[in-house]
Each structure stands twice: as C-alpha cells, then as structure tokens.
Amino acid sequence: MEIAIVGGGITGLCTALALKKEGHSVQIFEKEETLKPVGAGIWLQPNALRVLDWLGLKEEVKRKGIELRRMEITDMMLRPYKAIKEKVVQDEEGNQTVAIHRARLQSLLVAALGSSIPFQTSNGYVSHKQTNSKILVKMSRGEAVCDVLLGADGIHSSLRRNLFPKATLRSANQMCWRGVAEMELPTEYQSISKEAWGKNLRFGFSPIGPKEVYWFAVACGSQMPRLEPDLLKSMLLQKFSLFNPLISKILEASPAHKIHQSLLQDLKRLPKWHSERVCIIGDAAHATTPNMGQGACQGIEDAYFISQCLGLHEKNPLEAFQDFENMRRKKVDYVVNTSWRFGKLAHHRLGKKMLICAIKATPEPLLSKQLYKLYSLKPW
Ligand SMILES: Cc1cc2nc3c(=O)[nH]c(=O)nc-3n(C[C@H](O)[C@H](O)[C@H](O)COP(=O)(O)OP(=O)(O)OC[C@H]3O[C@@H](n4cnc5c(N)ncnc54)[C@H](O)[C@@H]3O)c2cc1C
C-alpha cells in the first residue's frame with residue numbers, strides 16, 4: 001500500500017517511521033523549506049516514550065534530552081503545593097518524562113527516516129481527489145498518487161479544511177510565550193520541571209540540556225500586541241517581577257529575538273477524522289491546549305495506532321480508520337477536555353483555589369493510577 005503523509009512535524013515523522021516499521025511504502029510532503037520547530041522545548045511523557053522505544057529511538061531521545069524525576073506545580077515562590085514521590089510520575093516500566101529541545105527532537109526523527117522514506121520539503125498539500133482505487137494529490141510542486149492519504153499538517157490543517165470545512169478552533173483567551181535560556185540551573189532544579197502559579201499568570205520551566213532551560217509563560221488575554229523582541233522581554237520581566245527571582249534570571253538569560261508568542265487554542269471536537277481513504281491525525285485531528293503537555297504525545301500515540309490498524313486491515317483502509325478512531329477517541333477526548341478545563345481553572349480566582357485543594361487532597365496512589373492509565377498504550 002502506498003501511503004502519503006502531509007506534514008513533517010512530530011506526528012508526521014513518527015507516523016512515517018511507524019508505517020515503515022510495519023512494512024508499508026510511505027512518503028512525506030512538508031510545505032516548509034526547512035522544518036521550523038514550533039516553540040522551544042517539549043516534554044515527552046512516558047506514553048510517547050513507549051512508542052519511541054518501539055521505534056528504537058527512546059535511548060537517543062533520552063541522551064539528547066533530560067529525564068525529569070518530578071513535575072511540580074508551585075506557588076509564585078516555587079514552593080510545591082504538594083511534594084510528590086518520583087515513582088508517582090513514572091509509568092509501570094519506570095519511564096520518566098524527557099524534556100528535549102524541539103529542534104533536536106525533529107532532527108533525530110528526520111535522521112531516522114534515512115534514505116528509505118522519501119521526505120520532500122517545499123512541497124505543500126493543496127487539494128486531493130479520490131478515484132475508485134487511488135487518491136490524486138495536488139501539491140504546490142506537482143502531483144502525487146497514493147492509496148491512502150494521512151493529514152498530519154497541524155492545527156491549521158489545509159487537509160482538514162478540505163475534508164471537514166465546518167471544523168473550528170476555540171480560543172482559550174490566553175497568551176503564551178516560550179523561550180530557551182542559556183544558563184545552568186541551580187543543582188536542586190536540574191532534573192525537575194516546575195510550573196509556578198501567580199495571579200492570572202503561570203510560568204513553567206525545566207532543563208532541556210546542560211546549559212539550556214526551556215520555559216513558557218501564560219497570561220490571560222487574546223489581544224496582546226506583538227512587541228519588538230527587547231520590549232517583549234522587558235514586559236515579561238515586569239509581569240513576573242514578583243515571582244521567585246530565579247524566573248527573572250531565566251528570562252534575562254533568554255535571547256529576546258527567540259521568544260515565541262502564540263495564542264492558546266484547541267480544535268472543537270470533530271465527529272469524524274476520516275473520509276474514505278483519507279484520515280487526519282495529530283494536531284490536525286485533535287489539537288489540544290498545552291496544559292497537560294500531551295499534544296505531541298497524543299500525535300506520537302496516533303503514529304503507533306494508525307500503523308497497527310493499517311497493518312491489520314491492509315485491504316480496507318476505511319475499516320482501519322474506523323478501528324483507529326474507536327481506539328483513540330476516548331483518550332484524546334479526555335486529554336483535550338481535561339487540558340481545557342485545567343487551563344481555565346488555573347486562571348480563575350476560585351477555580352485556582354479548587355485546583356490547589358484537589359492537588360493537595362489527591363492521594364498518591366490515586367494520582368499514580370490516573371497517570372498509569374494516561375501513560376499506558378492500551379486503548380481506553
Ligand atoms: C505552548 C505549547 C507548549 C506545548 N508543550 C507540549 C509538551 O510539553 N508536550 C507535548 O506533548 N505537546 C506539547 N505541545 C503540543 C505540541 O506542540 C503539538 O501537539 C505538536 O507539535 C503537534 O504536532 P503535529 O506534527 O501534529 O503538528 P505540527 O507540529 O503543527 O506539524 C505540522 C507540520 O505540517 C506542515 N504543514 C502545514 N500545512 C501543510 C501543507 N499544506 N502541506 C504540507 N505540510 C504542511 C507544517 O509546516 C508542520 O511542519 C505544546 C504546544 C504549545 C502551543
């Protein structure tokens with residue numbers, strides 16, 4: 001079966017590797033000339049690591065990133081609301097979250113494609129037509145023919161627009177900034193992530209390399225102007241001036257021109273992800289707000305499940321896509337909805353108090369059970 005994937009982000013690349021491993025012939029089309037890593041760093045949780053392990057890439061990802069022993073939600077002064085034991089945030093196999101620079105993750109995935117998976121850049125999807133047996137895909141530089149077409153072209157997917165024109169994005173009314181500081185964290189911060197909550201503000205960070213700290217900052221509002229890099233950095237320094245001084249140090253150590261600004265949004269639930277022999281995956285199908293750090297992890301899970309389903313129903317992609325949706329829907333809906341609620345409550349005066357009470361009151365065995373389920377690859 002000839003499979004074409006539109007989009008060379010984390011989902012597209014992992015899906016190509018998974019399909020190849022299952023013996024399919026696959027090629028990727030990416031519209032950009034070079035891959036632009038969205039943002040700065042990324043946290044890969046144990047569910048993603050299990051798939052990367054299956055792809056033979058886990059050890060390399062661990063070598064190129066930093067394993068996080070704990071992930072803490074804290075007050076403005078970086079005091080955790082609850083100290084959680086290390087084993088609570090691991091999966092049954094002892095996998096921990098790995099924090100890694102996005103550019104490093106993408107280049108190791110591209111390198112893994114090798115010469116056996118064609119990867120065309122500067123060749124974006126435009127439209128497609130399904131005939132009885134084939135799909136004709138119009139690209140910005142010519143045409144492609146395939147048996148199955150997968151859309152991994154992200155939250156603003158053009159393929160999705162063609163399949164499901166009524167799909168809409170939902171703004172969380174929150175602005176997010178991300179960057180990488182060139183500095184070493186004090187010893188006690190070297191293998192943990194922290195997310196500090198202040199009044200209407202959140203600041204999260206973790207190391208992603210020996211002298212690299214990935215951070216994100218979130219504030220309410222969707223109408224913030226795009227400032228010049230130095231002005232933006234000063235604005236962030238001012239906003240977080242009442243937080244623990246380490247946060248100002250992290251901002252100070254970040255090159256201003258590399259700070260990204262984006263509006264937080266997700267995709268309203270779609271009734272279907274496929275139409276005949278075409279299916280959308282990753283952010284194109286179920287973009288989520290980043291509050292659970294699960295968006296890319298879910299795209300990586302898609303890679304595993306779609307390869308299994310297409311392997312099982314090689315002669316009948318429609319059945320494969322139906323199975324895929326049955327296996328993935330419940331978990332994806334849970335992630336998108338929980339992440340949305342979490343983000344809303346964290347910026348609401350009473351909601352935040354409720355969340356902090358819930359964090360403090362949840363017994364570790366219960367939290368552990370919830371995380372085991374999230375980190376497992378068994379369909380929900
Ligand atoms: C602030 C923030 C923090 C986050 N942190 C985390 C985290 O810690 N952990 C986590 O798991 N997730 C995180 N996420 C979510 C994660 O970034 C996304 O879920 C993930 O990048 C989605 O990958 P994707 O490959 O599906 O889409 P994308 O990364 O958007 O990739 C889509 C690709 O398709 C290409 N493309 C677009 N249109 C076309 C076209 N017409 N033709 C061909 N190619 C096309 C694009 O150029 C791009 O390369 C975060 C998101 C945000 C906003």
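Student: What share of the protein's accessible surface belongs to carbon and sulfur atoms?
Tutor: The model is predicted, so local features need pLDDT of at least 70 and side-chain atom pairs count only at pLDDT 80 or more, while totals for chains, interfaces and linings use all residues. Residues are numbered from 1 along each chain as its sequence is written, and side-chain values use heavy atoms, with hydrogens and water left out. By the Shrake-Rupley method with a 1.4 Å probe, the accessible surface of the protein comes to about 16900 Å², and the part belonging to carbon and sulfur atoms is 53%.

Student: Which residues are closest to the ligand?
Tutor: A residue is near a molecule if one of its heavy atoms lies within 4 Å of it. The ligand is surrounded by 31 residues, which divide into 13 nonpolar (Ala, Val, Leu, Ile, Met, Phe, Trp, Tyr, Cys and Pro), 11 polar (the others, Gly among them) and 7 charged (Asp, Glu, Lys and Arg). The closest are T11, E30, R102, Y125 and D283.

Student: How much of the ligand's accessible area does the protein cover?
Tutor: Polar contacts, which are pairs of N or O atoms within 3.5 Å, include one of 2.6 Å between a ligand oxygen and the side chain of E30. A ligand nitrogen is also 2.9 Å from a polar backbone atom of Y125. Of the 1000 Å² of accessible area that the ligand has on its own, the protein covers 89%.

Student: Which element gives the largest share of the shell around the ligand?
Tutor: Helices (H or I, at least four residues) and strands (E, at least two) are DSSP runs numbered from the N terminus. Elements giving two or more residues to this shell include α1 (10–21) and β12 (169–181). The largest share, 3 residues, comes from α9.

How values were computed. A polar contact is a pair of N or O atoms within 3.5 Å; within protein, one must be able to donate a hydrogen and the other to accept it, and residues adjacent in sequence count only if both atoms are side-chain atoms.
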